[in-house]
Amino acid sequence: MTLRYMPDAGRLYGSEYAGDPQAVYADLRRRHGAVAPVEIAPGIEAHLVIDYQAALDVLTNVGGVWSKNPSAWQTRLPDTPEAAGMIAMLGHRPNALFSDGAEHARYRKVISDCFQLVQPHKLRQMVIEVSDSLISQFAAKGEADLVADFARLIPARIFNLLFGRPDSDSAGLIQALADMMEADGETGARGSEAFGRYIGELIQGKYAQRGDDLTSWFIDHPAALQTDELAQNIVLVMAASYEPTANLISNTISRMVSDDRYYSSLTNGALSTYDALMEALRAEPAMANYGPYFVRQPVHFHGTWIQPAELVLVSYAAANTEPANIPEELRSDGGAYLGFGAGPHRCPASDPAVLIAMTAIERLTSHLCDLELTVPREELLWRPGPFHRALAHLPVRFTPIRPDQPGESPWVVQPPSSLTPSEQTSPVRSVGYVTSAPWSS
């Protein structure tokens, strides 16, 4: 795909971008202003919105010119592994992310209604159980990689349970989602294929036997989703929940253990876990560049001409940190800025995501209150990729704790993996969730 004017496009891939994306955004802003030409993979180009007001104009569909349907864009992609990886992340699907108007409203209502059935105090208990089961595996060692051993495991296990599959199935889900998010051609395509198999098996099982879980509630919702619509909206929720929540957890922890405002010991810092989460959402949002958009007709937008079938991405990371004179009280999300988007496509599950991240971090720091990085934060490695801001590793050390020590420990709470198979297939019931949807009674 060759756009007509992008000889000096910035690269959103490779080690240079992963090491210091803010330097790349600053250079793009200096050379191009509010909207910059970028490559998101070799030969795959896009417009990147890096100005806060411009991002808000896109997200709130100012002027009614913006569409979420990428079909025309897809037809212009070359037949390459890089393009296949991009389609895994940006290709059209009949779901809430890639639809407009009444169709979008119908899909979004299914997601919003079903998540309202997830009771916060029961979700919190589930996160406590999963977190403690993970912490117990490394608490006696005195060291851990909090990306591989903690942050990346929590959301996959939680959403695997919420959608009604046994905890033992979460490992395959974790690998598939991680591969998809890399979007580097063959790896992204492999992850997309594995994820599709997981979703197919999930839906087939729930059509055969309903449970008290999100999949069953999606199936029985009055919107009457067709099988493909059902699959694609579950794909959306799973993918949109996993990577951002995992990155939010690890990005927040990395800030807390390297900033004295949060940490002299993690239980008595001047600022709270919530403060750290909001700062991570502003400065290092888990999805740095996403929110794919397209225009319905040629548009001169903040100094740049954009044509139909050209991809536009919103840089939440660049917009949030723009050196502009925008008062804090006028920014969106009450301090979280554009971390969860804005407008009609704002994340409908932001509250559960924050609850999961806060509970997991607070559980970790309550058990291991003297966490410290084993390398300076500026030496941490970040995973390459155009979409996420994700640590590759988060190595820490701490005072070991043992199962036989007095007081509360992560060994006290029964981990989900110890549930019986029948309990595992109905995880919502196992932690006391509501037992039926209001529309199915």
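**Chat: a walk through the model**

Biologist: Let's start with A309. Buried or exposed?

Modeller: A309 counts as buried, at 14% relative accessibility. The cut-off is under 20%, so 14% qualifies. Keep in mind that this is a predicted model.

Biologist: Where is A309 found?

Modeller: A309 sits in the loop between strand 8 and strand 9. Its phi is positive, about 75°, although A309 is not a glycine.

Biologist: Where is the place of H302?

Modeller: In the loop between strand 7 and strand 8, with strand 8 at 304-306. H302 is partly exposed, at 34% relative accessibility.

Biologist: Let's step back. How many helices and strands does the chain have?

Modeller: 18 helices and 11 strands. The chain has 441 residues, and 58% of them count as buried.

Biologist: What about contacts? Which share comes from residues 24 or more positions apart?

Modeller: 73% of the contacts with a separation of 6 or more.

Biologist: And how many Å² of accessible surface?

Modeller: About 17300 Å² for the chain. Carbon and sulfur atoms hold 52% of that.

Biologist: New topic, helix 3. Which of its residues are buried?

Modeller: Y52, A54, A55, L56, D57, V58 and L59. That makes seven of the eight residues in helix 3, which spans 52-59.

Biologist: What covers the buried residues of helix 3?

Modeller: The cover includes several strands, among them strand 3 (44-49), strand 4 (66-67) and strand 6 (289-295). Strand 7 (299-301), strand 9 (312-315) and helix 15 (316-320) are also included.

Biologist: What happens at the start of helix 3?

Modeller: D51 has a side-chain oxygen within 3.0 Å of the backbone nitrogen of Q53. After helix 3 comes N61, with a positive phi near 60°.

Biologist: You listed strand 9 as cover. Tell me about S315. Buried or exposed?

Modeller: S315 belongs to strand 9. S315 is buried, with a relative accessible area of 0%.

Biologist: Which residues is S315 in contact with, leaving aside neighbours within four places in sequence?

Modeller: Y25, L48, V49, I50, A288 and N289. A polar atom of the S315 side chain also lies 3.0 Å from the backbone nitrogen of A318.

Biologist: How many residues line the largest cavity?

Modeller: 43 residues. L236, A240, P244, Y290 and C347 lie nearest its centre.

Biologist: Which element gives the largest share of that lining?

Modeller: Helix 13, with nine residues. Helix 13 covers 227-256. Helix 5 (81-90), helix 6 (101-116), helix 10 (170-182) and strand 6 each supply at least two lining residues as well.

Biologist: What is the relative accessible area of C347?

Modeller: 26%, and C347 counts as partly exposed.

Biologist: And at what relative accessibility does C369 stand?

Modeller: At 34%, so C369 counts as partly exposed.

Notes:
Residues numbered from 1 in each chain as written. Predicted model: local features only at pLDDT ≥ 70, side-chain atom pairs only at ≥ 80, totals over all residues. Heavy atoms only, no water. Helix = DSSP H or I, 4+ residues; strand = E, 2+ residues; numbered from the N terminus. Buried < 20%, exposed > 50% of the residue type's maximum accessible area, 1.4 Å probe, protein only. Contact = heavy atoms within 4.5 Å. Areas by Shrake-Rupley, 256 points an atom, 1.4 Å probe, with all protein chains shown as cover. Polar contact = N/O pair within 3.5 Å; in protein donor to acceptor, adjacent residues only side chain to side chain. 1 Å grid on protein atoms, 1.4 Å probe; cavity = no way out; pocket = protein on both sides within 12 Å on 5 of 7 lines; lining within 4 Å.
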